[in-house]
Amino acid sequence: MGDMFRSEEMALCQMFIQPEAAYTSVSELGERGCVQFRDLNTEVNAFQRKFVTEVRRCDELERRIRYIEFELKKDNITFPILDEDMEPFAPNPREIVDLEAKLESIETELRELSQNAINLNSNFLEMTELKQVLEKTQTFFSSSQNINLDSQNQMDHQQQSGQLSFVAGVIKLEKFFAFERMLWRISRGNIFLRRSEINEPVKDPETGHCISKSVFVAFFQGEQLKQRVKKVCAGFHAAIYPCPNSQQEREQMLNDIRLRLQDLRMVLNTTADHRNRVLVAASRSLATWSIMIKKMKAIYHTLNMFNLDVTNKCLIGEGWVPSKDLTIVQNALIEGSKRAESNVPSFLNVIAPDEQPPTFTRTNKFTRGFQNLIDSYGMATYREINPALYTCITFPFLFAVMFGDLGHGLVLLSFALLMVLRERQLRKIKGEIFNIFFSGRYIILLMALFSLYTGFIYNDIFSKSMNVFGSAWFVDWNHSTILNNSHLQMDPGQHVSGVYAMGLDPIWQLADNKIIFLNTYKMKLSIIFGVLHMIFGVCMSLVNHCYFKRSINIIMDFLPQIIFLVLLFGYMVFMMFFKWVKYSAQSEELANTPGCAPSILILFINMMLFKHQEPLEGCEEYLFEQQELVQRIFVIVALACIPWMLLGKPLYLMCCKKKKVRPLYEENVDVEQNPNSHKIQKSDGRGHAGHDNDDEPMSEIFIQQAIHTIEYVLSTISHTASYLRLWALSLAHAQLSEVLWGMVFAMSFSIQSYFGAIFLFVIFIFWSLLTIGILVLIEGLSAFLHTLRLHWVEFMSKFYEGLGYAFQPFSFKTLLEGVEE
């Protein structure tokens, strides 16, 4: 957790690597994943870099891999997915020649097999269609009839144009009706057309899709009309097949076709078996080849960022490295030189940066979800304090304030425990929606645990209460008093013995003023938590100012901000606690009884407006003596903080500019490496995201400070009111749960017969679905979004700049995970 307090210190490193060891050294760095390389060839075109040929070579290998994967998917052949422990290392450049030859051989063989299969399937389709034509035309002709039909041998004899001719073929069923109308038009109704649908859909040899086709026979007279029919057939892509005149010739031809179809089936099956064997053999190593090629391409792409020295004998690279990982990088370079058997070692130097370093925060599977919530708002500025450390507690707690229910918390806990305990099995599921929940499984777990706690404090489980410690209220009325009065009011001074041990007394579940009591209770809690949360956020800005040595910001920003917030809203929280402590039903003085307790809201409004309100007889207007004087001082000091924030820093910077003195504003974090210890030292500059006020005109400084002051003063009021969403959603959640119980589940208790048990079971299922769907899922999502807003806007706006950029190291693990997604 200590690593999450602020982002890690980064060092800008310069690497000197021999060309023969460059590939293996970058490969070792990719396996460790702790260097973000800088592109030193930004002015060089991507096609003119040193290793562009190798990158293109890898692109060609990836293309072949994709082609093999496509063929595997087409044949529904699955290939194994390698575990992280079984992933191969980046291949040696010499080994890639054998892999390239193997992939080329597999691709060539698959293309030949695919083309042969297409040709064979086309031939098989033609034979099948011809068979269907010969079989279907048996219904069109009769052996007993001797019709003078035009045969194939009579096509060239123009003198026999008066005899009847026919054309037989196959056409797609969807085109037949348009085909029929076209034939009718060109012949002016002088064509007799017969058709019969093919019962079994045939497959397209190229696409493999099933197509519905129909056999047709067109009878007509004349050679000129015959040419027109053939042109129409060609236009509609209808296949024309020869059909003999006599039945004997047709039967003989049909028998020959059947024999040829049997031979074609055997050849097709043999081809399919051979193709399947080739694909199965390739699928065993395809995942390994794919990872090797991706790693190799990434290495050459990274090497293109390196620069050659003047002698062209050394590659120079620069990159950001976490200061704690400098030893790891050095060992990786040494290991890379050993693998390449290079006699000249590689060197690593830490140089002074000329830009703001990237932001890097180490996380584990527990803290990664919370860090992602913060990074979604904006990447933290380098070395800025990280809100994710505190969000691990404040986020689930504020969620639970709105979602407090023991029953709903148990449902949420069951779902979270399922994902946590079976995370190894569930990690393989690739659904987008599921992955969102799975990546936040530990957030859901903490939200569920905190919901159990707040549900116990609210004494609320599915809108019902538990009498764990025994109610502190008691009844001393007689039997007749209870029977003769429909409503009775219990006096806390007479009917209460002590205080309920923990949480709310279960007697409030039966009270008519339950909503009124919970309304005031949860409203005050939301204001208290909100003010404390905002004060904590302002205090976090002090930590940033101290770390970056911005003394002027401490005096001119932090002090007036914290004074303004504490003297107004912090004082309001104090009055709430003071009111709870001072007024009691057991008090003997009338002024200290609950009936004389003043409204905190009215007191705060009168304090801001310098007004008074006449108290009731025997009561006091204020909580303590001299409160009016204290309030006036607080308001005056708080109002004085506004010009303090507005003019303090601009006037100070104006004086510094006139005297030409460097302001006590910001300092930077530069990196210098001790060759023995790899320590990072600070030097003058500005590493934190800030503005160089030396070159900025004073008018802009005044405007910026005015915007900053107005935003803070107004947001302090609006943000305090915004925390009332804790009260509103908590009250709405409890009331909706009570409505579901009273209007759905309680219905089953009204039936006294045996049928009531069955009805209870049915209603319970319906009530459970509504509870999970509405109260847990929808209400939980609503509470989550409101909690996220409270952290992003109300809390983090007090200290968080979020102007950094993420540390994106060269890592094979990250590369492969991105490809899978």
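This is a predicted model: local features need pLDDT of at least 70, side-chain atom pairs count only at pLDDT 80 or more; totals for chains, interfaces and linings use all residues.
How far apart do the end C-alpha atoms of residues 96–123 lie, and what share of the span is helix or strand? The end C-alpha atoms of the selection are 40 Å apart, and the stretch is 100% helix and 0% strand. An unreviewed UniProt entry annotates residues 96–123 as "coiled-coil region".

**The whole chain**

Next, display the entire protein. Its secondary structure comprises 22 helices and 11 strands. The C-alpha trace extends over about 130 × 95 × 50 Å along the principal axes. The radius of gyration is 42 Å, whereas a compact globule of 821 residues would have a value near 28 Å.

**Annotated transmembrane spans**

Now colour the segments that the unreviewed UniProt entry labels "transmembrane region": residues 397–421, 433–458, 523–543, 558–578, 629–652, 726–748 and 754–778. Residues 397–421 are 92% helix and 0% strand, with their end C-alpha atoms 23 Å apart. Residues 558–578 are 100% helix and 0% strand, and here the distance between the end C-alpha atoms is 27 Å.

**Helices α15 and α16**

The crossing of α15 with α16 is left-handed. Residues of the α15 contact with α16 comprise 20 nonpolar, five polar and one charged.

**Helices α9 and α13**

Move to helix α9 (residues 388–403) and helix α13 (residues 441–458). Their axes are 8 Å apart and the packing angle is about 45 degrees, which makes α9 oblique to α13. The crossing of this pair, α9 and α13, is right-handed.

Show side chains at this contact. On the α9 side, select Cys392, Ile393, Phe395, Pro396, Phe397, Phe399, Ala400, Val401 and Phe403. On the α13 side, the partners are Ile443, Leu446, Met447, Phe450, Ser451, Thr454 and Tyr458. The contact of α9 with α13 contains 14 nonpolar residues, two polar residues and no charged residues.

**Helices α8 and α21**

As with α9 and α13, whose crossing is right-handed, α8 passes α21 in a right-handed crossing.

Which residues of α8 meet which residues of α21? Leu373, Ser376 and Tyr377 belong to α8, and they meet Phe784, Leu788 and Trp792 of α21. By class, the α8 contact with α21 has five nonpolar residues, one polar residue and no charged residue.

Conventions:
Residues are numbered from 1 along each chain as its sequence is written. Side-chain values use heavy atoms; hydrogens and water are left out. UniProt positions are given in the numbering used here, feature names are shortened, and annotations may be inferred rather than shown by experiment. Helices (H or I, at least four residues) and strands (E, at least two) are DSSP runs, numbered from the N terminus. Axes are lines fitted to C-alpha atoms, for helices over the stretch in contact, and angles run from 0 to 180 degrees between N-to-C directions. Angles under 35 degrees count as roughly parallel, over 145 as roughly antiparallel, 65 to 115 as roughly perpendicular and the rest as oblique. A crossing is left-handed if the near helix is turned anticlockwise from the far one by less than a right angle, and right-handed if clockwise. Contact means heavy atoms within 4.5 Å. Ala, Val, Leu, Ile, Met, Phe, Trp, Tyr, Cys and Pro count as nonpolar, Asp, Glu, Lys and Arg as charged, and the others, Gly among them, as polar. The radius of gyration is taken over C-alpha atoms; the globule rule is 2.2 Å times the number of residues to the power 0.38.
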